[in-house]
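These are my notebook entries on a single protein model. I record in turn what I looked up.

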Amino acid sequence: MADIIAVTDDMTALEKKKARAHNRKFMYKQMEEEDKKREKIEMSPEEETHAKELIQKMLREALPELEL
């Protein structure tokens with residue numbers, strides 16, 4: 001599927017309608033792809049706690065002056 005199609009005044013009404021329909025489909029497809037990316041990142045509460053602990057440990061080791 002091509003990128004967004006610019007709707008211009010010199011297009012016929014039918015061309016404008018088709019371009020807008022294409023743009024709508026394109027935008028919905030982009031939103032679905034973004035949702036799929038977001039779903040991959042979601043963690044369980046246990047995983048999230050573990051990740052936070054690891055980040056704090058790495059920060060303590062890298063920057064002891066922060067006194068975490």
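I looked up Lys-17 and found it in helix H1; helices (H or I, at least four residues) and strands (E, at least two) are DSSP runs, numbered from the N terminus. Lys-17 is exposed, with a relative accessible area of 60%. I noted the cut-offs: buried means under 20% relative accessible area, exposed over 50%, and partly exposed in between (1.4 Å probe, protein chains only). I then took the separation of the C-alpha atoms of Lys-17 and His-50, which is 51 Å for residues 33 apart along the chain.

I noted the source of these values. The model is predicted, so local features need pLDDT of at least 70 and side-chain atom pairs count only at pLDDT 80 or more, while totals for chains, interfaces and linings use all residues. Residues are numbered from 1 along each chain as its sequence is written, and side-chain values use heavy atoms, with hydrogens and water left out.

**Overall form**

I counted two helices and zero strands in the protein. The C-alpha trace spans about 65 × 25 × 15 Å along its principal axes. The radius of gyration is 23 Å, whereas a compact globule of 68 residues would have one near 11 Å; this radius is taken over C-alpha atoms, and the globule rule is 2.2 Å times the number of residues to the power 0.38. Buried residues make up 6% of the 68 residues. The accessible surface comes to about 6400 Å², and 56% of this belongs to carbon and sulfur atoms; such areas come from the Shrake-Rupley method with a 1.4 Å probe, and for residues only the protein chains shown count as cover.

**Helix H1**

Which residues are buried in H1? I found Ala-19, His-22, Asn-23 and Phe-26. His-22 counts as buried because its relative accessibility is 16%. A polar atom of the His-22 side chain lies 3.0 Å from the backbone oxygen of Asp-3.

**Salt bridges**

Side chains of opposite charge can pair when their charged atoms come close. I found two salt bridges in the structure, each defined as a side-chain nitrogen of Lys or Arg within 4 Å of a carboxyl oxygen of Asp or Glu.

Glu-34 pairs with Lys-37, with the closest N and O atoms 3.6 Å apart. These two residues are three apart in helix H1, so about one helical turn separates them. Glu-34 is partly exposed at 39% relative accessibility.

Glu-48 pairs with Lys-52, with the closest N and O atoms 3.5 Å apart. Both lie in helix H2, four residues apart, about one turn of the helix. Glu-48 is partly exposed, with a relative accessible area of 36%.

**Helix H2 and the segment after it**

I placed Leu-59 in helix H2 (residues 45–62); Leu-59 is partly exposed, at 34% relative accessible area. Ile-55, Met-58, Leu-59 and Leu-63 form a nonpolar surface patch with about 350 Å² of accessible area together. Patches are made of residues with over 30% relative accessible area and no salt bridge; like charges are joined within 9 Å, and nonpolar side chains (Val, Leu, Ile, Met, Phe, Trp, Tyr) within 5 Å.

Pro-64 lies in the segment after H2 and is exposed at 54% relative accessibility. The C-alpha atoms of Pro-64 and Lys-25, 39 residues apart along the chain, are 51 Å apart.

Methods. Polar contact = N/O pair within 3.5 Å; in protein donor to acceptor, adjacent residues only side chain to side chain.
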